Amino acid sequence: MLALLFTKSDFGMISLIGFVFLLGLANKNAIVLVDYINQLRQAGLSRKEAILKAGPVRLRPIMMTTASTLLGMLPIALGLGAGSELRSPMAVAIAGGLISSTILSLIVVPVVYAILDDWFPRFRQEAKY
């Protein structure tokens with residue numbers, strides 16, 4: 001929303017289509033990170049170790065997805081080509097949302113994972129005698 005405001009782009013149906021696209025990418029990033037954390041925990045790592053190891057390992061795929069999508073949206077957002085007046089708000093919404101969602105998925109998702117794991121523990125440590 002802030003990217004649309006800063007660029008003075010229209011907020012309409014086309015930008016809402018961009019938001020739907022953005023939700024899919026943000027969910028994919030979170031799923032990639034949480035899935036790897038769960039794999040590490042099943043391999044025997046503690047929650048904290050798994051979160052600290054999964055972040056740097058999954059940083060590259062998340063950043064590559066973000067960079068390729070941003071670079072793909074750049075010509076559309078700049079208004080290059082025929083009919084760009086219609087598609088430009090969609091690209092601006094996607095580009096602005098990707099920047100914030102990437103940062104949030106790398107920081108907020110592990111924190112929320114730890115909080116929810118405290119409330120609903122899936123991998124219980126059994127006492128060893």
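Colleague: In this predicted model, what makes the contact between Arg47 and Asp117 a salt bridge?
Modeller: The side chains of Arg47 and Asp117 meet at 3.2 Å, N to O, and because the cut-off asks for a side-chain nitrogen of Lys or Arg within 4 Å of a carboxyl oxygen of Asp or Glu, the pair qualifies as a salt bridge. Arg47 sits in helix α3 and Asp117 in helix α4, 70 residues apart, and the pair thus links distant parts of the chain.

Colleague: Why is Asp117 called buried?
Modeller: Its relative accessibility is 11%, and since buried means under 20%, Asp117 counts as buried.

Colleague: Which label does Arg47 receive, and why?
Modeller: At 25% relative accessibility, Arg47 counts as partly exposed, because that label covers what lies between 20% and 50%.

Colleague: How do you know that Arg47 also pairs with Asp118?
Modeller: The side chains of Arg47 and Asp118 meet at 2.6 Å, N to O, and the limit is within 4 Å, so this contact too is a salt bridge. Asp118, at 52% relative accessibility, counts as exposed, because the threshold for that label is over 50%.

Colleague: What does the salt bridge between Arg41 and Asp117 tie together?
Modeller: That pair, also at 3.2 Å, N to O, ties together parts that are 76 residues apart in sequence, because Arg41 lies in helix α2 (residues 13-42) and Asp117 in helix α4 (residues 84-119).

Colleague: What makes these contacts one network?
Modeller: Salt bridges that share partners join Arg41, Arg47, Asp117 and Asp118.

Definitions and conventions: Residues are numbered from 1 along each chain as its sequence is written. This is a predicted model: local features need pLDDT of at least 70, side-chain atom pairs count only at pLDDT 80 or more; totals for chains, interfaces and linings use all residues. Side-chain values use heavy atoms; hydrogens and water are left out. Helices (H or I, at least four residues) and strands (E, at least two) are DSSP runs, numbered from the N terminus. Buried means under 20% relative accessible area, exposed over 50%, partly exposed in between (1.4 Å probe, protein chains only).
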